[in-house]
Amino acid sequence: MAKLIYSAIASLDGYTADEAGNFDWAAPDEEVHGFINDLERPVGTYLYGRRMYETMLGWETDPTLADQSPHMRDFAELWQAADKVVYSTTLPAASTARTRIERAFDPEAVRRIKTTAGRDITVGGPELVAHAFKAGLVDECHLFVTPIVVGGGKQSLPGNVRLELELLDDRRFGNGTVFLRYRTRSSRRS
Ligand SMILES: NC(=O)c1ccc[n+]([C@@H]2O[C@H](COP(=O)([O-])OP(=O)(O)OC[C@H]3O[C@@H](n4cnc5c(N)ncnc54)[C@H](OP(=O)(O)O)[C@@H]3O)[C@@H](O)[C@H]2O)c1
């Protein structure tokens, strides 16, 4: 059975974007990027909220991204090779290959993907992720905590879910980022 992994880069105070919507402070340096690439290499499917998809699709549509460094080229190739499912009520069509749009989040459909997929699945975008947590679908959280406090914005974890977690792995990087890999033990709405 494939795992469903929530993966996010967040500030120390738990935001993936600040109140102005900026997340340039979350951009990984070469060391972190290389680690992320290896972590994502086994992933076969990305589940995205529409906003997250819109920030990621440049990995296929903007060739200048891959040209910036070998790590960025590696990530662009990984990203393009994976399947994507984008959740949106408004997006008329996907602008990348291997991508399908779902108009609603159906937990049973995601359970079926987990049962049949040969490779792990990640879910990205805090609004979408809240649905996955509430349905008890998330098996692991991969959090990159960056050394910044932004004071508010888009919370990386949903507000009305209680989770008990087991730490499986951790890693610190030269730029002050810390990686935390947790397995979810149980989830329920608080
Ligand atoms: N820290 C980082 O490294 C990083 C990287 C990339 C992006 N970001 C930031 O992360 C944030 C993205 O998170 P977000 O919470 O705003 O957005 P999100 O979860 O990625 O996307 C929200 C959208 O997904 C769709 N959606 C969500 N739940 C749905 C459901 N049950 N059924 C159908 N569609 C559903 C809706 O699209 P429609 O409106 O089309 O219906 C909704 O507006 C942005 O602020 C972005 O700037 C941070």
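Arg 50 forms a salt bridge with Glu 54, their closest N and O atoms being 3.1 Å apart, where a salt bridge is a side-chain nitrogen of Lys or Arg within 4 Å of a carboxyl oxygen of Asp or Glu. The model is a predicted one, in which local features need pLDDT of at least 70 and side-chain atom pairs count only at pLDDT 80 or more, while totals for chains, interfaces and linings use all residues. Residues are numbered from 1 along each chain as its sequence is written, and side-chain values use heavy atoms, with hydrogens and water left out.

Because Arg 50 and Glu 54 are four residues apart in helix H2 (residues 50-56), about one helical turn separates them; helices (H or I, at least four residues) and strands (E, at least two) are DSSP runs, numbered from the N terminus. Arg 50 is partly exposed at 25% relative accessibility, and Glu 54 is likewise partly exposed at 39%, given that buried means under 20% relative accessible area, exposed over 50%, and partly exposed in between (1.4 Å probe, protein chains only).

A search of the whole structure finds 13 salt bridges, and the table sets out some of them.

| Salt bridge | Closest N and O atoms |
|---|---|
| Arg 50 and Glu 54 | 3.1 Å |
| Arg 111 and Glu 108 | 2.6 Å |

Arg 111 and Glu 108 both belong to helix H6 (residues 107-116), where they lie three residues apart, about one turn of the helix. Arg 111 is partly exposed, with a relative accessible area of 31%, and Glu 108 is partly exposed as well, at 43%.

Glu 140 is buried at 4% relative accessibility, whereas Arg 181 is partly exposed at 22%. Salt bridges that share partners join Lys 3, Asp 120, Glu 140 and Arg 181 into one network.

Turning to the strands, four of the five residues of strand S4 (residues 83-87) are buried, so S4 is largely enclosed by the rest of the structure. Strand S3 (residues 43-49) pairs with S4 in the parallel sense over five bridges, two strands being paired if DSSP finds at least two bridges between them. S4 also pairs with strand S5 (residues 99-102), in the parallel sense and over four bridges. Val 86 in S4 has Tyr 48 opposite it and also stands opposite Ile 101 in S5.
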